[in-house]
Amino acid sequence: MNLVPLVESLKLSENDGRETSVLPKHQLLTDALYRLDDLKSCYQEALGLSDAEEVSPLDVISLTFGEKGNEPALPGDWGFLPILALYSKEFSGQPASDAAILTVTRCLQWLFVLECMRPTAANFISVTARFCRLSTVFL
């Protein structure tokens with residue numbers, strides 16, 4: 001799958017009144033998009049689905065709707081789950097492993113992809129809530 005035209009169409013640039021210059025966001029987004037399989041594995045592990053079989057398109061409804069059939073099965077801030085899991089693991093006395101840095105990196109890459117490509121999905125969480133969840137990376 002060729003993602004270059006898709007990324008270039010996003011026009012991640014800054015206009016300061018002079019000539020438009022491309023920011024490193026373009027490269028960060030391209031890198032994250034090429035690592036989608038790694039990002040998927042990170043979230044499968046965080047959600048406890050790493051041993052699960054591939055999901056049939058017919059089973060998607062059972063994964064996206066809650067008990068009553070009209071509510072989401074996951075909270076709106078599910079994208080922060082790996083970071084929050086590492087945070088609670090650290091405070092329970094378990095030392096963070098070397099894989100923790102990779103998990104945080106993958107999680108931040110996915111959140112960046114969501115912010116760039118699906119900004120309306122990120123708007124469901126207030127800026128304050130996003131900041132608080134992201135700040136756990138530094139605690």
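This report describes the fold, the surface and the salt bridges of one protein model.

The model is predicted: local features need pLDDT of at least 70, side-chain atom pairs count only at pLDDT 80 or more, and totals for chains, interfaces and linings use all residues. Residues are numbered from 1 along each chain as its sequence is written, and side-chain values use heavy atoms, with hydrogens and water left out.

The protein has 8 helices and 2 strands, taken as DSSP runs (helices H or I, at least four residues; strands E, at least two) and numbered from the N terminus. Their order from the N terminus is α-β-β-α-α-α-α-α-α-α.

Of the 139 residues, 21% are buried, where buried means under 20% relative accessible area, exposed over 50%, and partly exposed in between (1.4 Å probe, protein chains only). Among contacts (heavy atoms within 4.5 Å) with a separation of 6 or more, 63% join residues 24 or more positions apart.

The count of salt bridges (a side-chain nitrogen of Lys or Arg within 4 Å of a carboxyl oxygen of Asp or Glu) is 4.

Arg106 is buried at 11% relative accessible area, whereas Asp38 is partly exposed at 36%.

Asp77, in the loop between helix H4 (60–64) and helix H5 (81–91), and Arg133, in helix H8 (residues 127–135), are 56 residues apart. Asp77 is buried at 18% relative accessibility, and Arg133 is partly exposed at 22%.
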